[in-house]
Amino acid sequence: MNAPTTRRLTVAQALVEFLAHQYTERDGRRHRLINACWGIFGHGNVAGLGQALLESGEALPYLQGRNEQAMVHAAVGYARQCDRLCAQAVTTSIGPGATNLVTGAALATVNRLPVLLLPGDIFATRPADPVLQQLEVPYAGDVSVNDALRPVSRYFDRVTRPEALIPAALQAMRVLADPVDTGAVTLALPQDVQAEAYDWPEEFFADRVWRVARPAPDADALAEAVRLIRDARRPLVIAGGGVHHSEAEDALRAFADATGIPVASTQAGKGSLRHDHPADVGGIGHTGTATADALGREADLVIGVGTRYTDFTTASSTLFAAPGVRFLNLNIAPFDSHKLGATALVADARAGLDALGKELAGHRVAKEYEAGYTAAKAEWERRVDAAYDTGDDSARPSQTQVLGLLDALVDDTDVLINAAGSLPGDLHKLWRARSRRQYHLEYGYSCMGYEIPAAIGVRLAAPDRPVWALVGDGTYLMNPTEIVTAVQEGLAFTLVLLQNHGYASIGGLSEQTGGERFGTAYRFRAGDGTYTGAPLPVDLAANAASLGMHVIRAATVGELRAALAEARGAKRPTCVYVETETADTVPGAPEAQAWWDVPVAETATRPAALAARQAYDRQAAGRRRHL
């Protein structure tokens, strides 16, 4: 008998070779699973994975980042744009390089988006103990800072022996390709093990295909779901991110066309229907439209499709208020299917919608119900027009007017990226999504600093689409470093930088909850110790220019209109910088249409906090458990 064929490689070389041969497949289409590896090198990966990536050439392309958290954000943006069928890896040194991954890993796992993390780790053989940047734990010799990644990873393993890489790598790919379990996957790689050679079986490097299935619903569960829908008089669909991940938009449109059931969307699900589809009633929940939230309050059946039901969607359990309201959850994840005491329809979103559509043939909601939400939708659109109205071209624009100018400029190909601040609320209520991947809001973790690196990831996944990163000054200051990466790689995207001299979103929330906007403005410290002095003389446009961006300053509505049009056609990274008026200066700018639970001090001495607590108690009385 012939001996098995082996190849002698280091652990790092073997891992890179293995990753270059992993694929996903769905609906007969094959995709490269790990398309590139981001990296910042230091001790812990420079002589292991760094050398292996150098040797591999284009087998696994290398991308240079400036901040470890930002590299994860870029990889997450890439994976989302690719419908989770492709991912990227991120390698770091030990110590702070590894711990900088934690926020990005949490974001990926919360949003169910795949990313492979390859942090260096301390020596497995411990020739010296401790080494540079090692955390010493007196009660456990096998703990390193990489253990901080365990709770934010869907799969974690520390590869302390070369042969242990084989099962660890296979499990890592399984999780990355699993639509239920995906998220951040961490393989911690001790720096001595990375450089250790081993005789690897040749089969380890063969092409391997991870098939992403579309499980169909159970027949009995489907029959119960159909009965619930047929019995409902005021049903409402809530489209979540699972609609996009499943590429189920056409199936949802066919379902809405046939049944007339209105469709609201979460932040992750917005764009599941085009904004001008008759059944699309916009965002739902605290940042939703008046149309969708009114339907939510009166619905007797809420049909969740691929949603996690966060507190923003449920208005902190106060939105779905009809007596006897029932829930039907179509979700590929059993964990999410059973939320809110729902009837669970565990299935792929597209497969489930197709099955429901077939069984509901001929069923349609009452004409009166359809006419009611159609009229409400038209009324809301008039409010959007009022918020977008730019009026005087010589005036300073508001934030909603910035969105209005973008709305007039973009087409189906553009992608808008945002994550935090006051922009998510305005976008969810107002933005008119034209295509399935135009609206890219990271609101599961709502991480400041996500937008610029995510724009790079989206641009890598969709090089022919105009990409816009919309950020306020607070978010920009969190993480501007990947501008340098975009310049280096020649990745053209437009940064729309809105300067309002503080944390506008939290400032408003602070005022509502009795905090009186404490600590939320960018101001000099006044004589009484408060930050109420003049605005800081900070020039963020100059900062962006210093990092290599082409910067266009716009002071008025007219200048902004021209700047945005110029930026959309730019062939290099471009920043449009504008100082904005506050939202409450714009007639018709819609306020929140539903509550969000942020507890207010139960005892206080200041009048603002006392009044806020009274308002809080009134709202909190509307919370309910759906069982």
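Student: What makes the approach of the Thr314 side chain to the backbone nitrogen of Ser317 a polar contact?

Tutor: The separation is 3.1 Å. A polar contact is a pair of N or O atoms within 3.5 Å, where, within protein, one must be able to donate a hydrogen and the other to accept it; residues adjacent in sequence count only if both atoms are side-chain atoms. The value of 3.1 Å lies within that limit, so the pair qualifies. The model is predicted: local features need pLDDT of at least 70, side-chain atom pairs count only at pLDDT 80 or more, and totals for chains, interfaces and linings use all residues. Residues are numbered from 1 along each chain as its sequence is written, and side-chain values use heavy atoms, with hydrogens and water left out.

Student: Is Thr314 buried or exposed, and how do you know?

Tutor: Its relative accessible area is 6%. Buried means under 20%, exposed over 50%, and partly exposed in between (1.4 Å probe, protein chains only); Thr314 is therefore buried. Thr314 lies in helix H12, helices being DSSP runs of H or I with at least four residues and strands runs of E with at least two, numbered from the N terminus. Leaving aside neighbours within four places in sequence, Thr314 is in contact (heavy atoms within 4.5 Å) with Tyr309, Leu319 and Phe320.

Student: Why does Arg112 count as buried?

Tutor: Arg112 has 19% relative accessibility, so it falls under the cut-off. Arg112 also has a positive phi, of about 60°, although it is not a glycine.

Student: How do you know that the buried residues of helix H20 line one face?

Tutor: The buried residues of H20 (residues 482-489) are Glu482, Ile483, Thr485 and Ala486. Seen down the helix axis, they fall within an arc of 155°, so they line one face; the arc is that of the directions from the helix axis to the C-beta atoms.

Student: Why is the protein's radius of gyration said to agree with a compact globule?

Tutor: The radius, taken over C-alpha atoms, is judged by the rule of 2.2 Å times the number of residues to the power 0.38. For 627 residues the rule gives a value near 25 Å, and the protein has 26 Å, which agrees.
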